[in-house]
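This report goes through one protein and its ligand. Look at the sequence and the structure before reading on.

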Amino acid sequence: MTMTFVTSPSSTYMTIRRRNGNTMKVHGEVFSSATQRVLACLYEKEVDFEFVPVGLRTGAHKKQPFLSLNPFGLVPAFEDGDMTLFESRTINLYIAHAYKDKGTQLIYDGKKMAIASVWMDVEAHQFDSAASKLGGTADVSAVQEKEAKLVRVLDIYEVRLAQFKYLGGDDFTLVDLHHLPRLQRLMGSQMKKLVDSRPHVSAWCADILARPAWLKVLAMQANN
Ligand SMILES: N[C@@H](CCC(=O)N[C@@H](CS)C(=O)NCC(=O)O)C(=O)O
């Protein structure tokens, strides 16, 4: 694996090129939780990729050429050869299937995957909205509503994690990985108490936030 540091007018970023073949490209921002989700997956799979900063602060994601990658104007977008995708969780499912023989096995087969998929949907439709932008609004009742929702979700996680080491089953999978960006922020907020007070959730959280692949994403963010 060769690493090249490339300086663009807006920022310095890291390019990791494959020696042969196409280079997968992630178009995003290192501070974006959805982008971080895809970066964590690529590091778990130990595959080479190029990170392309989009320039969210300049509004470049709302203009061409980015709109041809994601017409909704949201990061990340992803390219692998002639394949273009957006939506971080779908990108990760693609990577996990297409590079099944590399790095960490992030998916199961058959019935085990069906069960893991239930928890993947729980993350996307229950956890993510409850854990996003906590404290980012002055609207007290909106914060209380989110906290109540998060309490319900984490209570269910506590029961699940008393039975299985990870949310999808006995192995670390995309289910857990998809939680990483929001969990990291949650642990830096006053809502940390909701994790700390649940022993199984707390142990799971400490385990997955310490994964080397996730630490690489945090290092990218710190170096930006
Ligand atoms: N469901 C999408 C969410 C993408 C998303 O909301 N991205 C944010 C950054 S985390 C973004 O592009 N925000 C810019 C904007 O809303 O203009 C995914 O998982 O990829």
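Which residues are around the ligand? They are Ser32, Ser33, Ala34, Leu56, His61, Leu74, Val75, Pro76, Glu87, Ser88 and Arg89, where a residue is near a molecule if its C-beta atom, placed from the backbone, lies within 6 Å of it. Two or more residues of this shell come from each of helix H1 (33-45) and helix H2 (88-98).

The shell around the ligand divides by residue class as follows.

| Class | Residues in the shell |
|---|---|
| nonpolar (Ala, Val, Leu, Ile, Met, Phe, Trp, Tyr, Cys and Pro) | five |
| polar (the others, Gly among them) | four |
| charged (Asp, Glu, Lys and Arg) | two |

The model is predicted: local features need pLDDT of at least 70 and side-chain atom pairs count only at pLDDT 80 or more, while totals for chains, interfaces and linings use all residues. Residues are numbered from 1 along each chain as its sequence is written.

The protein has eight helices and six strands; these are DSSP runs, H or I of at least four residues for helices and E of at least two for strands, numbered from the N terminus. Their order from the N terminus is β-β-β-α-β-β-β-α-α-α-α-α-α-α. Of the 224 residues, 33% are buried, meaning that 20 or more other C-beta atoms, placed from the backbone, lie within 10 Å of a residue's own.

Leu69 lies in the loop between strand S4 (49-53) and strand S5 (77-80). Leu69 counts as buried because 21 other C-beta atoms are within 10 Å. Leaving out residues up to four places away in sequence, Leu69 touches His27, Ala77, Thr84 and Phe86 (C-beta atoms, placed from the backbone, within 7 Å). His27 is 42 residues from Leu69 along the chain, with 8.8 Å between their C-alpha atoms.

Terms used:
A residue is buried if 20 or more other C-beta atoms lie within 10 Å of its own, exposed if 12 or fewer, and partly exposed in between; C-beta atoms are placed from the backbone. Two residues are in contact if their C-beta atoms, placed from the backbone, lie within 7 Å.
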